[in-house]
Amino acid sequence: MELLNYSEIWVGELTDELLNERQDICKCELCRLDIQAMALNQLKPNYVVSEHGRIYTKTKMLGQQNRADIVAQVTKAIEQVSRRPHHLP
Ligand SMILES: [Zn+2]
């Protein structure tokens with residue numbers, strides 16, 4: 001059994017989605033993870049219990065409001081990370 005933070009999954013998906021629309025910024029693994037860490041620190045966690053990918057707690061659906069919050073935080077994080085990427089000297 002393990003704990004799974006659903007916010008991480010949502011942030012991961014939306015980061016991919018939002019980065020796909022951008023051609024002007026770095027999408028390396030470090031920048032991607034930086035963006036996700038920054039966004040996740042601003043969002044509430046959504047823990048569920050899972051075992052081998054099977055989720056025991058009732059799966060939370062990503063509601064319209066949640067999605068809007070996550071999009072806002074990921075967008076903000078993309079702006080900050082792309083302005084000061086950690087991979088640069
Ligand atoms: Zn990068």
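The crossing of helix α1 and helix α2 is right-handed; a crossing is termed right-handed if the near helix is turned clockwise from the far one by less than a right angle, and left-handed if anticlockwise. This is a predicted model, in which local features need pLDDT of at least 70 and side-chain atom pairs count only at pLDDT 80 or more, while totals for chains, interfaces and linings use all residues. Residues are numbered from 1 along each chain as its sequence is written, and side-chain values use heavy atoms, with hydrogens and water left out.

Helix α1 spans residues 6-20 and helix α2 residues 29-42; their axes come within 10 Å and cross at roughly 130 degrees. Helices (H or I, at least four residues) and strands (E, at least two) are DSSP runs, numbered from the N terminus. Axes are lines fitted to C-alpha atoms, for helices over the stretch in contact, and angles run from 0 to 180 degrees between N-to-C directions. The two helices α1 and α2 are therefore oblique to each other, given that angles under 35 degrees count as roughly parallel, over 145 as roughly antiparallel, 65 to 115 as roughly perpendicular and the rest as oblique. On the α1 side the contact (heavy atoms within 4.5 Å) is made by Ser7, Glu8, Val11, Gly12, Thr15, Asp16 and Leu19, and on the α2 side by Arg32, Ile35, Gln36, Ala39 and Leu40. These residues comprise 5 nonpolar, 4 polar and 3 charged, where Ala, Val, Leu, Ile, Met, Phe, Trp, Tyr, Cys and Pro count as nonpolar, Asp, Glu, Lys and Arg as charged, and the others, Gly among them, as polar.

Helix α1 also packs against helix α3 (residues 64-83), at an angle of about 60 degrees and with the axes 10 Å apart. The pair α1 and α3 is therefore oblique, and α1 passes α3 in a right-handed crossing. Contributors to this contact include Trp10, Leu14 and Leu18 of α1 and Ile70, Val71 and Val74 of α3. The contact of α1 with α3 divides into 9 nonpolar, 2 polar and 2 charged residues.

The axes of α2 and α3 come within 8 Å and cross at roughly 135 degrees, which makes α2 oblique to α3. Their crossing is right-handed. Among the residues in contact are Cys31, Ile35 and Met38 of α2 and Ala77, Ile78 and Val81 of α3; the contact of α2 with α3 divides into 8 nonpolar, 3 polar and 1 charged.

The strands complete the picture. An open sheet is formed by 3 strands in the order β1-β2-β3, with antiparallel pairing; two strands pair if DSSP finds at least two bridges between them. Strands β1 (2-5) and β3 (54-55) stand at the edges, each with a single partner strand, so one side of each is left without a neighbour in the sheet. Strand β2 (residues 47-51) pairs with β3 in the antiparallel sense over 2 bridges, and Glu51 stands opposite Arg54 in β3. Helix α1 packs on the sheet, touching β1, β2 and β3, and its direction makes about 40 degrees with that of β1.
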